[in-house]
Amino acid sequence: MTTRIDRRFAALRAEGRPALITYVMGGDPDFDTSLSILKALPAAGSDVIELGMPFSDPMADGPAIQAAGLRALKGGQTLARTLELARAFRAGDDDTPIVMMGYYNPIYIYGVERFLTDARAAGIDGLIVVDLPPEMDAELCLPAMRAGLNFIRLATPTTDDRRLPKVLENTSGFVYYVSMTGITGSALPDTSRVGAAVERIKGHTDLPVCVGFGVKTRQQAEAIGRAADGVVVGTAIVNAVANVLGEDGRPTADPAEAVATLVSGLAAGVRDARLASTA
Amino acid sequence: MSHPATPNSFRTGPDEAGMFGIFGGRFVAETLMPLILHLEREWNAAKSDPAFKDELDRLNAHYTGRPSPLYFAERLTEHLGGAKIYFKRDELNHTGSHKINNCLGQILLARRMGKTRIIAETGAGQHGVASATVAARFGLPCVVYMGATDVERQAPNVFRMRLLGAEVKPVTAGHGTLKDAMNEALRDWVTNVEDTYYLIGTAAGPHPYPELVRDFQSVIGRETREQVLAAEGRLPDMLVAAVGGGSNAIGLFHPFLDDKDVAMVGVEAGGKGLSGEEHCASLTAGRPGVLHGNRTYLLQSEDGQIKDGHSISAGLDYPGIGPEHSWLKEAGRVDYVPIMDDEAIEAFQLLTCLEGIIPALEPAHALAEVVKRAPKMGRDQVIVMNLCGRGDKDVFAVAKRLGMDI
């Protein structure tokens with residue numbers, strides 16, 4: 001069974017360039033603004049959308065994504081509303097893959113089977129759930145696979161060669177290599193080390209390997225893009241939203257436009273990565 | 001919730017996956033998984049290493065001052081006019097609470113693992129002080145995460161930690177209490193996996209923490225068993241302990257879980273009452289969910305967002321509970337009840353006046369439950385309560401509460 005994610009990566013492979021994967025927090029700062037940001041992403045050059053599910057206690061996230069989640073929750077966002085956001089986006093775009101990313105508890109409370117049914121119906125293609133390692137696959141990963149959703153796993157610098165097969169076993173769609181130990185939004189590591197890590201993972205899987213944590217600029221997107229099948233950008237985008245919010249939390253400029261400007265630059269970066277590698 | 005069939009033993013958990021029934025587990029980011037597996041291997045090796053046990057026993061005896069006494073509270077017993085009340089006096093330990101039992105065990109594990117930096121979270125500051133103490137004793141740098149609200153209400157402990165050489169980092173997220181401190185400690189750990197050992201203070205978190213913390217704290221129950229047999233020639237009728245995360249309670253209860261005639265009561269923080277949001281009675285008023293590496297009872301919204309809770313006692317101010325307690329609740333083995341802020345303050349004053357012991361606000365909750373139960377029991381019956389911490393740290397908060405200026 002192929003998903004939108006599989007089809008998108010196959011198309012990019014034919015095009016010979018890495019993917020730009022953009023993370024936005026669902027419902028930040030409110031539902032309507034968040035939907036306008038989502039709608040602006042494909043035209044700005046995003047190939048895959050990661051849609052953040054806000055959680056009160058995001059243990060693996062840095063201050064920027066923590067704050068974005070709190071803004072969304074304050075704006076009345078719930079898991080049901082995040083699914084609704086995806087559905088509203090999907091009504092106008094049937095091609096761009098959407099991966100929902102977050103923590104397990106809201107899904108567990110929503111009910112796993114009900115969530116999978118509703119996620120499929122909303123046009124969700126994959127899931128990244130930070131606090132579900134392979135040891136907990138029976139919780140959500142295996143049911144998600146049965147429901148036809150990709151379960152995308154994080155591999156990290158602490159995932160050694162002995163552990164990689166276990167991490168990759170039930171992974172589909174792509175592999176998300178977290179390029180450093182730490183929380184989201186931290187400094188970018190040495191790109192040569194990223195290249196070596198991507199090669200190491202590719203020795204164990206045919207899936208595309210995408211790299212995230214710390215990418216903020218067009219130049220960084222290009223550098224990481226030369227070493228990987230995709231570049232994930234999260235904190236920089238979330239910050240672009242935060243930067244146009246006033247003290248009262250209301251936008252002082254159009255957040256969708258601010259995000260689109262940033263994403264266009266990053267998209268140029270991943271396209272440069274192709275030109276550089278074929279030159 | 002229906003009760004599962006009674007198991008043959010309540011003392012065999014967790015299983016290999018770190019589960020107590022549906023509770024517990026390893027709900028952590030991949031970055032931490034190899035570390036947790038390493039800890040599990042070292043823990044299993046340490047358990048069967050006589051040298052590890054010897055060193056811990058020596059430290060418990062000569063550094064902490066174990067065994068702690070089992071004290072017959074004669075005047076309180078007379079005052080309540082029912083069951084005989086004994087206190088397991090873990091407040092007399094070095095550093096002033098049961099927390100040192102766990103910290104000594106874990107610092108030995110950290111050393112076995114070759115870790116060179118210690119991090120910890122703390123609520124009341126008792127675990128922070130105990131962590132800073134063992135870090136000083138073993139010559140390791142220590143960072144303690146503490147909610148900003150708690151930094152303010154537990155100022156004496158903050159100073160103690162700093163004197164002991166630890167760096168105290170106030171956490172302003174959320175309500176600035178234990179939950180937020182734990183999030184921040186996890187963020188530090190995920191960033192510094194190579195050299196850092198996370199010294200968790202309660203019997204919660206990802207497997208194997210709930211098991212190893214329980215085992216280090218079970219020295220409380222093992223001693224109690226011997227001491228009560230010596231004093232009364234029989235086992236107690238009831239054990240009572242406060243539960244925040246639940247480490248002092250599981251330490252007292254665990255060695256008795258298969259003695260079916262010993263009743264057990266865990267006392268949660270009822271805060272300002274269970275009808276509103278200002279309490280921390282996760283077992284009484286919460287439902288199962290996943291937070292901080294384990295599945296357990298949590299205070300949470302309909303959407304699975306974790307609530308902040310409230311308790312006058314910083315050590316009980318946590319919206320979750322160790323997973324083994326969740327399992328014991330559903331198995332019907334232990335009763336869990338709430339005690340309100342006011343009742344705890346009253347019990348705090350009662351003990352101070354009647355027995356000349358100033359308890360911490362955490363065991364003052366347990367005491368308030370004893371005050372309710374003892375009069376309904378016979379004079380030939382025996383209650384053992386874990387007096388798990390002393391109240392020096394709380395005198396400022398209590399004074400404020402009573403409208404006194406000190």
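## Around strand β14 of chain B

Guide: Strand β14 of chain B is largely enclosed by the rest of the structure, because 5 of its 5 residues are buried. This is a predicted model, where local features need pLDDT of at least 70, side-chain atom pairs count only at pLDDT 80 or more, and totals for chains, interfaces and linings use all residues. Residues are numbered from 1 along each chain as its sequence is written, while chains are lettered from A and ligands numbered from 1 in the order in which they are written.

Visitor: Which residues does B:Val371 contact, leaving aside its neighbours within four places in sequence?

Guide: They are B:Leu80, B:Ala347 and B:Leu350; contact asks for C-beta atoms, placed from the backbone, within 7 Å. As for B:Ala230, 141 residues apart from B:Val371 along the chain, the two C-alpha atoms are separated by 25 Å.

Visitor: Back to β14(B): how do you know that both faces are covered?

Guide: Look at the two sides in turn. B:Val382, B:Val384 and B:Asn386 on one side are buried, and so are B:Ile383 and B:Met385 on the other.

Visitor: What makes β4 and β14 of chain B a pair?

Guide: Strands are DSSP runs of E, at least two residues long, and helices are runs of H or I, at least four, numbered from the N terminus. Two strands pair if DSSP finds at least two bridges between them. Strands β4 (residues 84–88) and β14 (residues 382–386) of chain B have 5 bridges, in the parallel sense, so they meet that rule. Here B:Phe87 stands opposite B:Met385, and B:Tyr86 opposite B:Val384. β9(B) also pairs with β14(B) in the parallel sense, over 3 bridges, with B:Leu239 opposite B:Val384.

Visitor: Why are β3 and β13 of chain B at the edges?

Guide: The open sheet has 6 strands in the order β3-β4-β14-β9-β10-β13 (chain B), with mixed pairing. β3 (70–72) and β13 (335–340) each have a single partner strand, so one side of each is left without a neighbour in the sheet. The twist averages 25° from one strand to the next.

Visitor: What packs on that sheet?

Guide: Helix α14 (residues 341–355) of chain B does, touching β10 (263–271) and β13 of chain B, and its direction makes about 85° with that of β13(B). Helix α15 (residues 361–373) of chain B packs there too, touching β4, β9 (238–242), β10, β13 and β14, at about 145° to β9(B). Those angles run from 0 to 180 degrees between N-to-C directions, with axes fitted to C-alpha atoms, for helices over the stretch in contact.

Visitor: Which residues touch the most other members of the largest nonpolar core?

Guide: Such a core is a set of buried Ala, Val, Leu, Ile, Met, Phe, Trp, Tyr and Cys residues joined through C-beta atoms within 7 Å. Of its 227 residues, those touching the most others include A:Val231, B:Ile383 and B:Met385. Helix α12 (residues 255–278) of chain A gives the largest share, 10 residues.

Visitor: How many residues does each chain bring to the contact between A and B?

Guide: Chain B brings 27 residues and chain A 33. On chain B's side, α8(B) supplies the largest share, 6 residues.

Terms used: Two residues are in contact if their C-beta atoms, placed from the backbone, lie within 7 Å. A residue is buried if 20 or more other C-beta atoms lie within 10 Å of its own, exposed if 12 or fewer, and partly exposed in between; C-beta atoms are placed from the backbone.
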